There are 4 protein chains.
Amino acid sequence: MLLIKRLGIDDARVLIAGARAKAEEIGVPMCIAIADESGQLIAFERMDGGKVTSTTIAQDKAFTAAGAKRTTESYGAASQPGQPAYGINSAIGGRLSVVAGGIPILVDNQVVGAIGISSGTPAQDSLCAQAGIDKFTDTL
Amino acid sequence: MLLIKRLGIDDARVLIAGARAKAEEIGVPMCIAIADESGQLIAFERMDGGKVTSTTIAQDKAFTAAGAKRTTESYGAASQPGQPAYGINSAIGGRLSVVAGGIPILVDNQVVGAIGISSGTPAQDSLCAQAGIDKFTDTL
Amino acid sequence: MLLIKRLGIDDARVLIAGARAKAEEIGVPMCIAIADESGQLIAFERMDGGKVTSTTIAQDKAFTAAGAKRTTESYGAASQPGQPAYGINSAIGGRLSVVAGGIPILVDNQVVGAIGISSGTPAQDSLCAQAGIDKFTDTL
Amino acid sequence: MLLIKRLGIDDARVLIAGARAKAEEIGVPMCIAIADESGQLIAFERMDGGKVTSTTIAQDKAFTAAGAKRTTESYGAASQPGQPAYGINSAIGGRLSVVAGGIPILVDNQVVGAIGISSGTPAQDSLCAQAGIDKFTDTL
């Protein structure tokens with residue numbers, strides 16, 4: 001039997017609040033998704049003006065970062081033409097995201113969930129995702 | 001040119017809070033989804049203990065109620081064997097939900113979005129969905 | 001933060017062995033799937049002669065029983081025409097199984113995973129699923 | 001009339017055991033899938049700590065290697081920009097894997113099935129897949 005640490009809904013709200021504050025600061029309305037350590041959705045918010053396409057993309061970034069235990073940005077590098085994971089972007093019905101903005105959340109060196117953000121540039125998405133994690137880490 | 005009334009993220013949070021309060025009252029942890037008038041997800045929360053399968057089902061109930069401008073429960077009646085909408089439950093890749101728990105939200109007789117809830121019995125899901133709408137209506 | 005109990009691969013092998021022994025006893029080669037408490041596949045075996053269609057169905061039964069925390073058989077009753085969950089069988093892209101053979105596995109009153117079996121009659125599938133759980137329970 | 005050679009469940013277990021031993025040796029918990037010559041799943045194991053996303057990817061690598069009778073790695077080369085199979089990674093709903101780790105299994109110059117592995121680097125995945133085949137070949 002395994003014993004697993006997992007984000008709860010209260011944790012998810014802190015993560016979203018941290019990401020949203022940064023999104024407001026940079027003036028980009030975002031879609032923000034929080035997945036548990038199995039990649040299942042815990043919470044989601046589309047800020048007013050967030051992109052409809054990003055509704056799915058943010059969820060898939062969180063799913064990927066949680067399930068694969070790595071940033072979606074790292075997959076972006078690993079899946080360039082000629083690189084070892086080339087072509088992986090269409091895996092799992094296209095849910096495996098290789099665009100920056102999905103970051104796993106670690107507690108005691110275990111992945112307990114992930115945050116996925118979409119609507120800005122990938123760099124903006126990552127910035128806000130990290131801001132969510134920073135706020136969450138401050139509360140631990 | 002059309003002018004569309006649509007729920008915003010602040011409205012979505014009120015709807016979720018109202019549904020969650022009722023869910024806590026009856027002791028059933030729920031998945032709660034809010035869609036806009038186009039059926040696109042605005043916000044989602046899975047209460048601790050909510051069902052993983054309901055993560056998708058709650059979203060699809062909100063999608064159906066918003067997009068079709070009717071309760072998912074009404075589709076349950078209309079899709080019984082021998083009824084006119086028989087078989088519609090597998091439409092749109094199975095996203096068209098005919099199980100109670102999805103209710104459109106009207107403002108000035110216009111559908112502005114919908115709430116979809118899953119994890120309890122369909123009657124419990126509907127009860128909590130209506131509680132969310134009631135709380136939202138009180139704030140108007 | 002939540003703390004979750006989950007089946008490990010050693011547990012999954014015990015469950016499969018118990019189910020397989022019963023399947024051999026009744027002479028029906030089965031597809032046997034074990035999911036964790038989030039519905040994610042841990043282990044699978046198709047016995048020689050098991051049905052190809054059951055490869056997917058067994059996995060979906062395990063997914064449903066784990067994710068919804070109830071037997072797929074109970075969904076069969078609840079989803080009959082005129083019943084509250086009518087039409088739920090096509091939810092989640094058709095992955096929500098309402099055919100007997102998927103049973104959640106509880107330890108200390110928590111769902112830690114599920115077993116899903118397919119290839120025989122639904123009654124035979126359930127019989128073998130329960131045999132797997134019985135063998136697992138004996139090892140605790 | 002055709003006569004088809006196909007892996008049985010006993011063969012599949014030998015293949016998994018060989019792959020798992022190598023995975024333990026290199027310290028990377030893997031998802032290991034065995035498909036028959038038609039690409040249909042025979043057996044699967046997710047080692048404790050294997051990635052949730054790899055649950056699907058390992059199966060799709062085995063499916064691709066068996067169905068196309070070639071390594072998924074060879075598809076990686078053939079699907080680079082400007083190459084003849086460019087874009088094939090999104091075929092079959094994204095199930096056609098072009099990432100190393102899927103290897104067909106030949107007996108008497110016939111494909112009798114395939115092994116697909118995921119959770120490590122593609123090179124690690126291939127290493128463990130080959131280790132499974134080597135162990136299987138030793139038993140023939």
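This is a predicted model: local features need pLDDT of at least 70, side-chain atom pairs count only at pLDDT 80 or more; totals for chains, interfaces and linings use all residues.
Local features need pLDDT of at least 70, side-chain atom pairs count only at pLDDT 80 or more, and totals for chains, interfaces and linings use all residues, with side-chain values taken on heavy atoms, leaving out hydrogens and water.

## The interface of chain A and chain C

Here 15 residues from chain A meet 15 residues from chain C, where contact means heavy atoms within 4.5 Å. Of the interface residues of chain A, 100% are also interface residues in chain C, so the copies meet through the same surface.

The size of an interface is often given as the accessible area lost when the parts come together. For chain A and chain C the buried area is about 1400 Å², with 60% from carbon and sulfur atoms (accessible area for a 1.4 Å probe, lost when two parts are put together and summed over both). On the chain A side, A:Met1, A:Ile4 and A:Arg6 lose the most area to chain C, together 48% of what that side buries.

## Strands and polar links between A and C

A:Arg6 also takes part in a salt bridge, with C:Glu37, and the closest N and O atoms are 2.4 Å apart. The rule, a side-chain nitrogen of Lys or Arg within 4 Å of a carboxyl oxygen of Asp or Glu, finds 2 salt bridges across this interface. There are also 12 residue pairs in polar contact, both at pLDDT 80 or more; such a contact is a pair of N or O atoms within 3.5 Å, and within protein one must be able to donate a hydrogen and the other to accept it, while residues adjacent in sequence count only if both atoms are side-chain atoms.

Strand E1 (residues 2-6) of chain A gives the most to the side that touches chain C, with 5 residues. (Helices are DSSP runs of H or I with at least four residues, strands are runs of E with at least two, and both are numbered from the N terminus.) E1(A) and strand E1 (residues 2-6) of chain C run antiparallel, joined by 5 bridges; strands pair if DSSP finds at least two bridges between them. In this pairing, A:Leu2 stands opposite C:Arg6.

## The interface of chain D and chain C

Chain C also touches chain D, with 16 residues of each chain in contact. Together they bury about 1500 Å², 44% of it on carbon and sulfur atoms. The rule finds 4 salt bridges across this interface; one of the salt bridges joins C:Arg13 to D:Glu45, with the closest N and O atoms 2.8 Å apart. Polar contacts link 13 residue pairs, both at pLDDT 80 or more.

Helix H1 (9-26), strand E2 (41-46) and helix H2 (52-68) of chain D each supply at least two residues of the side touching chain C, and E2(D) gives the most, with 6 residues. E2(D) pairs with strand E3 (residues 41-46) of chain C in the antiparallel sense over 3 bridges, and C:Glu45 stands opposite D:Ala43.

Terms used
Residues are numbered from 1 along each chain as its sequence is written. Chains are lettered from A and ligands numbered from 1 in the order in which they are written.
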